Amino acid sequence: MPVITEIEDLRRLYKRRVPKMFYDYAESGSWTEQTFRENSSDFDQIRLRQRIAVDMAGRTTKSRMIGEDVAMPVALAPVGLTGMQSADGEIKAARAAEKFGVPFTLSTMSICSIEDVAAHTTKPFWFQVYTLKDDDFMRRLFERARAAKCSAIVITVDLQILGQRHKDLKNGLSAPPKLTPKSVADMMTKIPWGIEMLQTKRRFFGNIVGHAKGVTDPTSLSSWTAEAFDPSLDWNRIAKFKEMWGGKVILKGILDVEDALKAAEIGADAIIVSNHGGRQLDGAISSIRALEPIVQAVGDRVEVHFDGGIRSGQDVLKALALGAKGTYIGRAFVYGLGAMGEAGVTKALEVIHRELDLSMAFCGHRDILNVDRDILLVPRGFSGDWA
Ligand SMILES: Cc1cc2nc3c(=O)[nH]c(=O)nc-3n(C[C@H](O)[C@H](O)[C@H](O)COP(=O)(O)O)c2cc1C
């Protein structure tokens, strides 16, 4: 068993164990990948203030996100095709999250269905929806989420159309993978992954296949997106989805102050400052640069969450100090899942928790709820002064 001490260890293992098509799907951003890279590298510009001779005993990272108790303010982000990174991947990740005491968000584009995940967990999870054209299908999705006792809906508002990721096109990404000489040759080197995958029946988009009408190629993410997603989305439609659901709503994919204010106006319970992990508009600013102006603009009108580029507990701490009430990890948990299945997701959470807890202490705090901007050294102009 390799010694895992950091998220990067999990990424390296993951790369060895999962077919290239799925590794590339996770480990990429759109076009030049500038925003994908800067999501992580911009965290390095912020420094933490070391404090000494403060009581560091009896620490806690417990908090709340949209009124739900969390062991630390770090949720698992919705990630499509998670069940291709490891057989039954969404079930494994949801179970790891539940045991750890953090929220799990199931993607619309998951392999395991809403019902599959509900049947294998005991606590409510969150369900992420894309904004689709077909109202009947949306209504049914909400009904299924209600029946599965999901406690919140995450509406992703930054993907009406799909950003281009070169590697997915070159690899011919699909679920399940199409058998070409190249993909077969690659899978031959990933035997344990393949054996597990052959043992499960969950290899298609579980929320879509058998539920959506008129899907020409249900194995292709790009063709389904082009056919079903609503390019004419507007705020009225977002408000309509909120009404259709009738419960707690988190709007995901907000990077601009004006959009954040609009989200507060329509009464979202929370927003996620996010650029979809750098997978949509390449050239957009990193999420961490966008965070503070949004927090300042919305005040306490809406709870502000954050994702993008988190690879350590120090990153989580920085986002919290800049005003986020909760954070999400996407790739960090996918690395763990691909590396070691459910145990790998638990490992990813443990690594981040330990780093968060110790870094908080080194900054002079014992309670995550007391952490504020004071623990940071932020370079002038970090969040803007853009013309
Ligand atoms: C492989 C992959 C698939 C994703 N699929 C979805 C999705 O189905 N729905 C969604 O709202 N966001 C999706 N995202 C975006 C994540 O929810 C999240 O915003 C992003 O991963 C955060 O950045 P990080 O990976 O650097 O933590 C995906 C991200 C990745 C890496």
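A polar contact here is a pair of N or O atoms within 3.5 Å; within protein, one must be able to donate a hydrogen and the other to accept it, and residues adjacent in sequence count only if both atoms are side-chain atoms. This is a predicted model, in which local features need pLDDT of at least 70 and side-chain atom pairs count only at pLDDT 80 or more, while totals for chains, interfaces and linings use all residues. Residues are numbered from 1 along each chain as its sequence is written, and side-chain values use heavy atoms, with hydrogens and water left out.

A polar backbone atom of Gly 80 lies 2.9 Å from a ligand nitrogen, and a ligand oxygen is 3.0 Å from a polar backbone atom of Gly 330. Of the 600 Å² of accessible area that the ligand has on its own, the protein covers 99% (Shrake-Rupley method, 1.4 Å probe; for residues, only the protein chains shown count as cover).

Now turn to Ala 284, in the loop between strand 9 (270-273) and helix 14 (287-298); helices (H or I, at least four residues) and strands (E, at least two) are DSSP runs, numbered from the N terminus. Ala 284 counts as buried because its relative accessibility is 10%, where buried means under 20% relative accessible area, exposed over 50% and partly exposed in between (1.4 Å probe, protein chains only). Leaving aside residues up to four places away in sequence, Ala 284 touches Thr 35 and Leu 255, with contact meaning heavy atoms within 4.5 Å.

Thr 35 leads us to helix 3 (residues 34-41), whose buried residues are Thr 35, Phe 36 and Asn 39. Seen down the axis of helix 3, these fall within an arc of 110°, so they line one face of the helix; the arc is that of the directions from the helix axis to the C-beta atoms. Their cover includes helix 14 and helix 16 (331-362).
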